[in-house]
Amino acid sequence: MDIQTIKSLNVAELREKLSELGLNTTGLKAGLQERLINHFGLQADVESVSDRSEYEDATVPEVSRSGSMFTLKDISDSLSSFSGSDSLSIRQWVDEFEENAEVVGWNNIQKFIYGKQLLKGAARQKTIAEMKDQIKIYEKTRPRNNNGNRIIPSDSGYATRDNRLNSQPKRNCFKCGKPGHMATDCPEKQTKCFKCNGLGHRSFECKDKNMVPKRERNDINIIAYNKEPFEPGMKFKKITFGDIDVYGLVDTGCVMCIIRCDVYEKLRHRVNFIEDKVCLRGVGAGIFYTQGYFETNILVDDIQLKDITFFVARGEDIRYPAILGNNLLRFVDLMVSEKEVRFIPKIYQVREVISNEYREEAANIGKQKEDGFITEFASLCMHFEEGETSVINLDHLKKNERNRLLTIIQNYQPKEVKNAPVSMKILVKDDIPVAQRPRRVSHQDQQIIDEQISEWLDKGIIKQSMSEYSSPVVLVPKKDGSKRLCCDYRKLNGKIIRDNFPMALIDDVVEKLQGANVFTTLDLKDGFFHVPVDSESTKYTAFVTHGGQYEFCYVPFGISNSPAVFCRFINVILEI
């Protein structure tokens with residue numbers, strides 16, 4: 001069978017002929033013709049087989065007339081594909097392919113066709129023209145050396161460890177300082193001191209006592225620092241130690257006052273220093289130890305503070321001369337604004353200095369008053385705390401007026417002239433009593449409860465109870481650190497019918513103050529205890545403690561109707 005006979009056969013005849021020869025019968029007509037031509041080893045031009053050949057630009061080598069009967073499918077298990085992205089190099093893949101092709105006796109055309117079928121991914125090109133285009137692109141992007149010549153890759157295509165080491169810059173030995181080798185390969189085998197940088201000994205064996213090892217600074221609560229006494233964002237105050245002025249950082253996050261050791265040296269002759277190491281930790285987890293502490297008097301914002309404890313720290317631990325911590329808030333209050341900070345005395349020790357503007361304004365108002373007595377209350381502040389002595393600033397008044405006002409205040413005794421016909425009556429939705437057990441408290445809290453119960457019994461505010469109602473008590477902490485005894489009436493409040501007495505709105509009260517010059521506020525101590533509880537309603541106010549059961553004779557705190565009843569009581573008093 002010659003080439004012309006093969007080309008004259010149709011697809012069905014070609015597949016029938018291939019089936020008789022035991023060859024693959026799948027594919028297009030051109031492929032079937034080519035398969036028969038290769039089988040019979042006929043010499044033909046590849047381009048004449050089909051006008052639709054995808055190998056138009058390929059140069060066909062000389063084909064041997066004797067072809068192999070083995071196809072790619074017969075030895076597919078012995079061959080591996082090549083994608084260019086795996087660990088198998090192109091040279092290794094070609095050697096493997098050539099060995100298998102030689103065993104089965106493939107000619108050059110079979111090698112070319114089957115080899116192209118084994119190409120996968122980026123390594124596979126559809127046509128020879130596309131492959132040539134890729135080669136041109138590679139030639140343009142191929143790296144070049146300093147002389148402009150293209151760099152020829154090594155046979156393996158990968159850089160070796162020796163090449164990488166040779167390409168790195170030379171480094172000196174850490175031990176001997178000589179180039180050409182690393183510290184692990186140093187023949188001298190000697191150590192280096194971190195203090196003096198000398199060789200032959202270590203830092204703890206160094207005999208040079210003048211050398212100080214380098215340490216990282218452990219700054220506490222420091223974000224930025226410069227040489228100026230005032231910094232943007234930082235709040236500083238002038239601290240006076242007798243005749244020495246120091247600028248200190250106001251830091252409410254610091255639990256104590258700290259002073260730098262060089263500032264302490266100026267004060268050491270006038271204070272009693274006590275050695276005591278205290279471990280401090282900053283916001284950045286830095287730790288340092290204080291050298292000791294001392295107590296002294298300071299002046300801040302014209303306020304004299306006595307026996308303030310300052311801890312002494314090394315200069316390398318804090319950068320600022322001093323730090324004012326939050327322990328000062330026990331003696332003074334702190335007002336912080338965007339521009340400044342200001343220390344003021346505690347509310348129950350008012351010593352605020354009135355400015356000249358307020359003094360002139362008070363004098364002008366005083367001239368307009370006919371009685372000539374108390375003319376201005378701008379700086380009068382009275383705040384009573386149990387166990388504290390109230391300090392009243394009357395410097396704005398004349399001497400005789402000041403003495404008369406103090407006499408009135410000191411000699412004042414409350415006198416109950418009339419009784420307001422108001423008492424609290426409690427109405428409940430059902431007759432099911434609210435009974436709760438007393439809550440467990442510590443021994444210290446039990447003592448506080450006993451003291452408060454004893455005081456209320458002496459004043460007649462409460463009495464012993466046999467009521468079927470019982471609510472537990474709870475201790476609520478106050479701002480000054482003490483605790484207030486309260487009753488938990490939440491379950492009882494769910495049964496009480498609310499008192500709908502109209503209470504005053506703060507907006508209406510503020511509108512009535514329009515145009516006023518003098519404002520006075522009064523705070524009644526234990527205001528609810530002025531209003532009695534109806535005798536038939538006292539059983540509902542019963543509460544239990546670890547020491548017994550009691551009930552209120554006067555309106556207690558915590559009942560839902562207490563504010564409304566108190567407002568009714570105040571209105572009746574003002575009308576009387």
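**Before you look: how burial is judged.** A residue is called buried when its relative accessible area is under 20%, exposed when that area is over 50%, and partly exposed in between, using a 1.4 Å probe and protein chains only. This is a predicted model, in which local features need pLDDT of at least 70 and side-chain atom pairs count only at pLDDT 80 or more, while totals for chains, interfaces and linings use all residues. Residues are numbered from 1 along each chain as its sequence is written, and side-chain values use heavy atoms, with hydrogens and water left out.

**View 1. Ser537, a residue in a loop.** Helices (H or I, at least four residues) and strands (E, at least two) are DSSP runs, numbered from the N terminus. Ser537 sits in the loop that runs between α14 (506-512) and β15 (543-545). Is Ser537 buried or exposed? With a relative accessibility of 4%, Ser537 counts as buried. A contact means heavy atoms within 4.5 Å. Leaving aside residues up to four places away in sequence, Ser537 touches Met424, Lys425 and Ile426.

**View 2. Tyr469 and Tyr540, a pair of rings.** Rings of Phe, Tyr and Trp (its six-membered ring) pair if their centres lie within 6.5 Å; planes under 30 degrees apart count as stacked, over 60 as edge-to-face and the rest as tilted. This rule gives a count of 18 aromatic pairs. For Tyr469 and Tyr540, the ring centres are 5.0 Å apart and the planes are at 70 degrees, so this pair is edge-to-face.

View 3. A salt bridge is a side-chain nitrogen of Lys or Arg within 4 Å of a carboxyl oxygen of Asp or Glu. The side chains of Arg568 and Asp499 form one, at 2.9 Å from N to O. Arg568 belongs to helix α15 (residues 562-575) and Asp499 to the loop between α13 (490-493) and α14, so the pair ties together parts that are 69 residues apart in sequence. Arg568 is partly exposed, with a relative accessible area of 30%, and Asp499 also counts as partly exposed, at 25% relative accessibility. You can check the length of the helix too: its expected span is 1.5 Å times one less than its number of residues. For the 14 residues of α15 this should be 20 Å, and the end C-alpha atoms are 20 Å apart, which agrees.

View 4. The whole structure holds 15 salt bridges. In helix α12 (residues 443-459), Lys459 and Glu455 lie four residues apart, about one turn of the helix. An α-helix has 3.6 residues a turn, so residues three or four places apart point the same way. The side chains of Lys459 and Glu455 meet at 3.0 Å, N to O, in a salt bridge. Lys459 is exposed, with a relative accessible area of 54%, whereas Glu455 is partly exposed at 30%. Elsewhere, Asp245 and Lys238 meet in a salt bridge of 3.4 Å, N to O. Arg314, Glu316 and Asp317 are linked in a network of salt bridges.

**View 5. Cys553 and its surroundings.** Cys553 is in the loop between β16 (548-552) and α15. Cys553 touches Gly460, Ile461, Ile462, Lys463, Pro532 and Val533, not counting residues up to four places away in sequence. From C-alpha to C-alpha, Cys553 and Asp534 are 8.0 Å apart in space, and they are 19 residues apart in sequence.

**View 6. Where to read with care.** The predictor's confidence in each residue is its pLDDT, from 0 to 100. Across the chain the mean pLDDT is 76, and 74% of residues reach 70 or more. Over residues 154-161 the pLDDT is below 50, and this stretch has two contacts in the model beyond near neighbours in sequence. Residues 365-389 also have pLDDT under 50, with 30 contacts beyond four places in sequence. Where pLDDT is low, the predicted coordinates should not be read in detail.
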